[in-house]
Amino acid sequence: MTTPQKGNLNLVPFVSVDNMMKLILSIGVEEMIAGIAAQIESDFKRWESFDKTARVASHSKEGVIELMPTSDGEVYGFKYVNGHPKNTKEGLQTVTAFGLLADVGTGYPLLFTEMTILTALRTAAMSAVAAKYLAPKDAKIMAMIGNGAQCEFQALAFKAICGIDTVRLYDIDPVATDKAVFNLKDSGLTVIRTNSHQECVSGADIITTCTADKQCATILTDNMVGAGQHINAIGGDCPGKTELHKDILLRSDIFVEYPPQTRVEGEIQQLKEDHPVKELWKVIAGIEQGRTSDTQITLFDSVGFAIEDFSALRYLYSAIKGTEFFDNLDMLADPDEPRDLYGMVRRAAKTGAVA
Ligand SMILES: NC(=O)c1ccc[n+]([C@@H]2O[C@H](COP(=O)([O-])OP(=O)(O)OC[C@H]3O[C@@H](n4cnc5c(N)ncnc54)[C@H](O)[C@@H]3O)[C@@H](O)[C@H]2O)c1
């Protein structure tokens, strides 16, 4: 990979929130999600070339802070991300993130970026890629339970990649649904507001659960899920934080990102350690089958894995090339003589670079 704009070695391209928004608007939200989705698919096909480790999570009473690293041997990436469901009550977001790409050959960073918005795009892209392989053919209607920060991105991803034309919304907080209805009004989707979990899933081909609650919640009970539906379960992504009743899991064919992480964090934490699951990358790579019948219930037990962030970072790194949508951040000390780091500091005082 080459740097988007060759500058001094101390400078690292940095994508701020402001520039991320400008970039998204210049590319188009659905187009950008589709671009990230294509990068995810191509990286999942070469899954075996990546370093893989379950993310490093620091849990507290209120939430979690996680580091998500991976490398393909040439490029290294990591994301810092938090999950604090109580935050929105304090005017803060549940999920915020930033991340970095680096050159494995030198260890020098190549890109530093906001990832709060990028995570919403990549999670939506990942969900839609999974559904492309697992959802019923010609799925048109998606139920979307949990209408918070991720909601509209999910709806648009399923429209762009899976061809859904209708989204049914439900949230225990009607203000969240008001916001989603407003934001999706010109999206080209038919947007239907519903009054309960049960009403929301009625007639849906795909059910997305995207709620935030720091507990084992039961957003879907067994009677709400019918033959042939695909469930895209996003919000259960921490130990003790799930969304589906266990009986649904027992009726479903379950697809996961990285089993050692999902067994701890996903819906399947409710099942025995050896309960059979399929790895999504194998389906994408054509090694295993995804949906095999019209009556099968498929479940993407999504928790979010480092390779998805790597794909999003790689996409971003290419997308900013030749644009104005990044700044060069003075991030690396770059002494004239590499070992004279101290001398560089001393000279700064002498030249008046520092008061
Ligand atoms: N799997 C992944 O890759 C991934 C990525 C990003 C976020 N997440 C998770 O997705 C979830 C949603 O994230 P967000 O940023 O949209 O959070 P958010 O706090 O902005 O929105 C969550 C919404 O869920 C609603 N909700 C809570 N309990 C509910 C219930 N019982 N029924 C219906 N609605 C309910 C809340 O009112 C809120 O509007 C979080 O749990 C987050 O950790 C997962």
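**Helix packing, domains and a sheet**

Colleague: At what angle do α3 and helix α10 (residues 306-319) pack, and how far apart are their axes?

Modeller: Two packed helices are described by the angle between their axes and the distance between the axes. Here α3 and α10 pack at about 115°, with axes 10 Å apart. Axes are lines fitted to C-alpha atoms, for helices over the stretch in contact, and angles run from 0 to 180 degrees between N-to-C directions. This is a predicted model: local features need pLDDT of at least 70, side-chain atom pairs count only at pLDDT 80 or more, and totals for chains, interfaces and linings use all residues. Residues are numbered from 1 along each chain as its sequence is written.

Colleague: Which residues make the contact?

Modeller: Leu118, Leu121, Arg122 and Met126 of α3 meet Glu308, Asp309, Ala312 and Leu316 of α10 (C-beta atoms, placed from the backbone, within 7 Å). By class, that contact has five nonpolar, no polar and three charged residues (Ala, Val, Leu, Ile, Met, Phe, Trp, Tyr, Cys and Pro are nonpolar, Asp, Glu, Lys and Arg charged, the others, Gly among them, polar). Helices (H or I, at least four residues) and strands (E, at least two) are DSSP runs, numbered from the N terminus.

Colleague: How is the chain divided into domains?

Modeller: Into domain 1 (11-117 + 308-348) and domain 2 (135-304), with bounds from an automatic or database domain assignment.

Colleague: Where does the ligand lie?

Modeller: Both domains give residues to the shell around the ligand, so it lies between them. The ligand is surrounded by 28 residues, and the closest are Thr94, Gly148, Ala149, Ala176 and Gly304 (near means a C-beta atom, placed from the backbone, within 6 Å). Two or more shell residues come from each of α3 (116-134) and β11 (216-220). By class, the shell has 11 nonpolar, 13 polar and four charged residues.

Colleague: What is the strand order in the open sheet?

Modeller: The order is β9-β8-β7-β10-β12-β16-β14-β15, eight strands with parallel pairing (a pair needs at least two DSSP bridges). β9 (190-193) and β15 (278-279) stand at the edges with a single partner strand each, so one side of each lacks a neighbour in the sheet. α3 turns up again here, packing on the sheet and touching β10 (206-209), β12 (230-233), β14 (252-256) and β16 (297-301). The direction of α3 makes about 160° with that of β12.

Note on methods. Contact = placed C-beta atoms within 7 Å.
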